[in-house]
Amino acid sequence: MREDNEPSYSLSAAANRLRRSVIRTILPLTTQPGVISFAGGLPAPELLPAKQIQAAIEKALREHGSDALQYRPQYRPLREWIADFMSKLGVECEPEQVFITNGCQQGLSIMARLLLDMGAGVIVEKVAFTGIGQMIAAPGAKPLTVETDLDTGLDVDRVEHLTSDRPRPRMVITVPNYHNPLGVSVSPEKRKRLAEIAARYRVPIVEDDPYVMLRYEGEQLPAVTALTEKGYAFYLGSFSKILAPAMRLGWIVAPPGLEDKIIVIRESFDLESSALIQRAVAEFCLSGQLEPHLERLREAYDERRVTMLDALEREFPDGARWSRPKGGMFIWVTLPEEADTWAMFDDAIKRQVGYVPGEAFAIGDRMKNTMRLNFSNASPADIKEGIKRLGKVIREHLEYRRAFLAAK
Ligand SMILES: Cc1ncc(COP(=O)(O)O)c(C=O)c1O
């Protein structure tokens, strides 16, 4: 039967495949006044460089006048800056291989248009960023899932097994640095294996890498794209986490020869990224403001990460485990088997603390005893208090669940 608010006309098959976003449903609850939220993937508001961005926009307008307000092709100096930045990750590319996007999310959508069809296989982790799930679902592609080890990243033996199958999958997608939501990074050995697998079976890697610059510990590892034979890797970068999400700016580095196709796909979404914002971001980066800004972010986020890890140790019950990210914004928690992080969500909100139930990131299986915690958006004092509240909610929930299961 038709529901009251369903349209009486037909929606596309793609629209009919879409489900309500779990995260969108819970985020308003976690942003109510008084709630300490570990839910969103947000940068710290006080660290967004508003004044510097204002100055960069003013300068872009002063220097570029109407050019900054016009329909314009991609801004070459920004493409050049990104090509240079990529060389620091070991990726040698020409500015012509860099395509400016409205964030990594649009990069993912462009990848889907470029590589996927209905029913095409995509190798993806069982626990993945929601936008990756959406990118696979949109064209009706088929997720081929692999497990992720919380110390070393995705299961590359399984990746190889699935990649060697026919018909060949169309892409392997990975978030190699400080995974959202798992917090893990792909080990150097696994990066090499992924690169070899891509070239051997001619299945491209899509490397979704918005957190690479938020490194608090350990060595900078080479991008998977840097290790992969030319032609078998696409790199997606973003200014959202290192500058501001509202700039809506990111990039794709693509193998040579795809410019015509990528530009036309890009245009079909929204013609082009804002000429003004591209010039302002170029001004910010080229005038040397990015590195000191990143230093500030790394210092503040590292303190929050360590504060959260310490608080988890103190406040969470025996049997709870969590990832120990060396960068990024997220910690992944696995509670004892009998816990259900959906069932305890309302209690957490009543106690004024928010998180995302892990199931929001599941591609396939249920993972009812998991949750994602963000540590970049709350102050260290709030992190201590919020984890204490959450620890209590979890203990009470476990007590209740155990009594309930024993009575069954
Ligand atoms: C793994 C991953 N990919 C892509 C995105 C989208 O980022 P952007 O703001 O650059 O579109 C995010 C945002 O949280 C993310 O975590």
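**Reading strands, a sheet and a helix pair**

Modeller: Gladly; let's start with Ile-331, which is found in strand 12 (residues 330–334). Helices (H or I, at least four residues) and strands (E, at least two) are DSSP runs, numbered from the N terminus. Residues are numbered from 1 along each chain as its sequence is written. This is a predicted model: local features need pLDDT of at least 70, side-chain atom pairs count only at pLDDT 80 or more, and totals for chains, interfaces and linings use all residues.

Colleague: Is Ile-331 buried or exposed?

Modeller: A residue is buried if 20 or more other C-beta atoms lie within 10 Å of its own, exposed if 12 or fewer, and partly exposed in between, with C-beta atoms placed from the backbone. Ile-331 is buried because 22 other C-beta atoms lie within 10 Å.

Colleague: Which strand order does the open sheet of seven strands have?

Modeller: Strands of a sheet pair through backbone hydrogen bonds, either parallel or antiparallel. Two strands count as paired if DSSP finds at least two bridges between them. Here the order is 2-10-9-8-7-3-4, with mixed pairing. Strand 2 (98–101) and strand 4 (142–146) are the edge strands, each pairing on one side only.

Colleague: What joins strand 2 to strand 10?

Modeller: Four bridges do, and the two strands run antiparallel. Phe-99 has Ile-252 as its bridge partner in strand 10, while Ile-100 stands opposite Trp-251. Strand 9 (residues 233–238) also pairs with strand 10 in the antiparallel sense, over four bridges, and there Leu-236 stands opposite Ile-252.

Colleague: Which residues of strand 10 are buried on each side?

Modeller: In a regular strand the side chains alternate between the two faces of the sheet. In strand 10 both faces are covered: Gly-250 and Ile-252 are buried on one side, Trp-251 and Val-253 on the other.

Colleague: At what angle do helix 5 and helix 6 pack?

Modeller: Axes are lines fitted to C-alpha atoms, for helices over the stretch in contact, and angles run from 0 to 180 degrees between N-to-C directions. Helix 5 (residues 103–115) and helix 6 pack at about 25°, with their axes 9 Å apart. That makes helix 5 roughly parallel to helix 6, since angles under 35 degrees count as roughly parallel, over 145 as roughly antiparallel, 65 to 115 as roughly perpendicular and the rest as oblique.
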